[in-house]
Amino acid sequence: MYELIAKNKRKSVIVFIAMGILMIALGGAIGWIFDSGYGEGVFVGIIVAIVVWAIQAIVAYYQGAKVVLMGMNAKEISKQDDPMLYNIIEELSMVSGLPMPKIYLIDTSAMNAFAAGTKPETSVVAITRGLRERLNRQEIQGVMAHEMSHIYNRDVLYMTFASVMMCTIVLISEILMRSAFYGSLGRRRSSNDKGGMAQIVVILLIVVFAIFAAFLARLFYFSLSRKREYLADTMAVNFTHEPSALANALQKISGDPADDFDPGKMAAAMCISKPNLRTRAMNMFSTHPPIEKRIAILRAMGEGTSYENYCRAYETIMGKNDLPKG
């Protein structure tokens, strides 16, 4: 499993580099639009893009969990508030070797849970009231083992920074499109009639690039999280040795009628199930694989809880085995 996690991290670094190049290119394009003619505009645009990302990344790193929990009406709970839930997390902490995370209860009838934070020492796990009330002990243990797996695999760290980069790229793309229309278009077209049309074409190409960049950033972001859900499932089963418990929990969650839970983009990828998953078509922009496939894989595992057994069950259900080799 350690080799598998290392491969997962290497793939994340590649995606981060790709997103970074995209962000720098967007900053340079904005700089080109406002260039005074001396060539410094592109350089300034790149620097500004990096600074914007750095500020957001610093805030996410030091205040990531608080930002995620903000506005959710989440309440930190202690052992006295909920002894059973606390004991479940305590047991998982000992099994996984992770520090005991803070536990939050979210006051909503929706059934979901997620992990947040940028490092194990400061990570938190959150569970909704609906999930806490409607699952039994074994099912809650399976769900929370899945969330603890995200912390163990450092998914919360990577997805936090991926989310920041995606938001930065989308923000810069919007600035670029507005700049192209309201800043450069009139100034460059008025310079001379003959060159005006060429400048319009260039600016339109920049707008197309901005739209494509925002699309590509979302694609990169979502590509990071889908395979991580399968890895978190198999790690959770490794912690609890009860694949049926997690499968039963996912079955109940998939039939949840509540749709009032919106944890935000940063936390959505770390949820046990994508919020409102049942009403949204699965496509390349989904943060989660189909929940019915995850359930079928877990049920096909039988009693074996190793990663190799999970891969065999995955291949049986999916008809392929594109999971990382472990």
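Residues are numbered from 1 along each chain as its sequence is written. Because the model is predicted, local features need pLDDT of at least 70 and side-chain atom pairs count only at pLDDT 80 or more, while totals for chains, interfaces and linings use all residues.

Begin by selecting strand E1 (74-77) and strand E3 (113-116), the edge strands, each of which pairs on one side only. Strands (E, at least two residues) and helices (H or I, at least four) are DSSP runs numbered from the N terminus, and two strands pair if DSSP finds at least two bridges between them. Now show the whole open sheet, whose four strands follow the order E1-E2-E4-E3 with mixed pairing.

Next, select strand E2 (residues 102-106), which runs antiparallel to E1 and is joined to E1 by four bridges; here Glu-76 stands opposite Tyr-104 in E2.

Helix H5 (residues 137-152) lies across E3 and E4, running at about 145° to E4. Such angles run from 0 to 180 degrees between N-to-C directions, with axes fitted to C-alpha atoms, for helices over the stretch in contact, and contact means heavy atoms within 4.5 Å.

Finally, colour by pLDDT, the predictor's confidence in each residue, from 0 to 100. Among the elements, H3 has the highest mean pLDDT (95) and helix H9 (residues 265-268) the lowest (64).

Methods
Side-chain values use heavy atoms; hydrogens and water are left out.
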